[in-house]
Amino acid sequence: MGFLYTPLPLWVGIGGWIAAAAVLALAIWNRPFARLQDATLQHVWLALLTAITVLWASNAWFEDGFVMHLLGATLLVTLFDWTLALVGMAAVTAVAAIVFDAPWQGIGLTYLVYGVLPVVVSSLLQRAANAWLPHNLLAFITGQGVVSPAVAVAAVAAAGAGVQLALNDGTPVVIPSGYMLNTAMLALGEAWFTGMATALIAVYRPAWVTTYDVRRYRLGGPRM
């Protein structure tokens, strides 16, 4: 998954680790675990990390090192905001690297492309949706549960292809012929998974959405 098994130059591996550590330090600096003071939310966060780890283990491998899988980052952002999402995606990347006995060089770059990038994209899109879309349940589910994850997957796929091209001196032949089609299918799958989860949580467990005022979105009334 990601670049865990991609041969990388030493400077790329070290640079990825440095950048990943800087991003993670920024997230921790913002005291993300304050959102997990409630025991139920702790269980939800840990359960979601477990589910995302399983999603990451369901890979589609292409030739020349391309790997595709569902991300799950957008749902983390929706429920727990970008700081906890960054910490959570770091944990998912670490567990995946340990379970699959991956070499250390690609872990940092994998976290940046498959963990940090979708969190950043999802955060920006969700803030735009919060500012510009109508404040109702349908807009909430459509914007943050369907559109955001699909765009995040497309961004990650483009970034992954860009990194592969850079590692191969820009040779276009490294991009598999079915990459765009499979990216579209993966984006649909991500949108379906995140959209369904967002809809169910918004209707039945609105208190799990810690990033927005549930009364504003009419997701079931004020939190207790």
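Biologist: What volume does the largest pocket have?

Modeller: About 170 Å³. Keep in mind that this is a predicted model.

Biologist: Which residues line the largest pocket?

Modeller: The lining consists of Trp17, Ala20, Ala21, Leu24, Ala90, Thr93, Ala94, Ile107, Gly108 and Tyr111.

Biologist: And which helices supply at least two residues of that lining?

Modeller: Helix H1 (10-29), H3 and helix H4 (107-132) each do. The largest share comes from H1, with 4 residues.

Biologist: How many nonpolar, polar and charged residues are in the lining?

Modeller: There are 8 nonpolar and 2 polar residues, and no charged ones.

Biologist: Stepping back, how many helices and strands are in the protein chain?

Modeller: The protein chain has 7 helices and 2 strands. Along the sequence they come in the pattern α-α-β-β-α-α-α-α-α.

Biologist: What percentage of the residues count as buried?

Modeller: 47% of the 224 residues of the protein chain.

Biologist: Back to H3. How far apart are its end C-alpha atoms?

Modeller: Only 20 Å, although helix H3 (residues 73-99) has 27 residues. A straight helix would reach 39 Å at 1.5 Å a residue.

Biologist: Where does H3 bend?

Modeller: At Asp81, by about 125°.

Biologist: What is the phi of Asp81?

Modeller: Asp81 has a positive phi of about 75°, and it is not a glycine. Most residues other than glycine have a negative phi.

Biologist: Is Asp81 buried or exposed?

Modeller: Asp81 has a relative accessible area of 13%, so it counts as buried. As for H3 as a whole, 21 of its 27 residues are buried, and the helix is mostly covered.

Biologist: What happens just after H3?

Modeller: Asp101 takes a positive phi there, of about 50°.

Biologist: Where else is there a positive phi in a residue that is not a glycine?

Modeller: Arg31 is one of them, with a phi of about 50°. Arg31 sits in the loop between H1 and H2.

Biologist: Is Arg31 buried or exposed?

Modeller: Exposed, because its relative accessible area is 67%.

Biologist: New topic. How many salt bridges does the structure hold?

Modeller: The structure holds 2 salt bridges. In one of them the side chains of Arg35 and Asp81 meet, at 3.2 Å from N to O.

Biologist: Which parts does that pair tie together?

Modeller: Arg35 is in the loop between H1 and helix H2 (39-57) and Asp81 is in helix H3, so the bridge ties together parts 46 residues apart in sequence.

Biologist: And how accessible is Arg35?

Modeller: Arg35 is at 27% relative accessibility, so it counts as partly exposed.

Biologist: Which residue forms the salt bridge with Asp81 at 3.1 Å?

Modeller: Arg127, with 3.1 Å between the closest N and O atoms. This pair links distant parts of the chain, with Asp81 in helix H3 and Arg127 in helix H4, 46 residues apart.

Biologist: How accessible is Arg127?

Modeller: Arg127 counts as partly exposed, because its relative accessibility is 40%.

Biologist: Now H6. How far does it reach from its first C-alpha to its last?

Modeller: H6 reaches 37 Å with 26 residues, close to the 38 Å expected at 1.5 Å a residue.

Biologist: Which residues of H6 are buried?

Modeller: The buried residues of H6 are Tyr179, Thr183, Leu186, Ala187, Glu190, Ala191, Thr194, Gly195, Ala197, Thr198, Ile201 and Ala202.

Biologist: Why do residues three or four places apart in an α-helix point the same way?

Modeller: Because an α-helix has 3.6 residues a turn.

Biologist: What about Ala184, where is it found?

Modeller: Ala184 is in helix H6 (residues 179-204). It is at 41% relative accessibility and so counts as partly exposed.

Biologist: How far apart are the C-alpha atoms of Ala184 and Ala154?

Modeller: They are separated by 7.6 Å, while the two residues are 30 residues apart along the chain.

Methods:
Residues are numbered from 1 along each chain as its sequence is written. This is a predicted model: local features need pLDDT of at least 70, side-chain atom pairs count only at pLDDT 80 or more; totals for chains, interfaces and linings use all residues. Side-chain values use heavy atoms; hydrogens and water are left out. Buried means under 20% relative accessible area, exposed over 50%, partly exposed in between (1.4 Å probe, protein chains only). The expected span of a helix is 1.5 Å times one less than its number of residues. The bend at a residue is the angle between axes fitted to the seven residues ending there and the seven starting there. On a 1 Å grid over the protein atoms alone, a cavity is a set of points where a 1.4 Å probe fits but cannot get out, and a pocket is an open set with protein on both sides within 12 Å along at least five of seven lines; lining residues have an atom within 4 Å of a point. Grid points are joined across faces, edges and corners, and a volume is the space filled by probe spheres set on the points. Ala, Val, Leu, Ile, Met, Phe, Trp, Tyr, Cys and Pro count as nonpolar, Asp, Glu, Lys and Arg as charged, and the others, Gly among them, as polar. A salt bridge is a side-chain nitrogen of Lys or Arg within 4 Å of a carboxyl oxygen of Asp or Glu.
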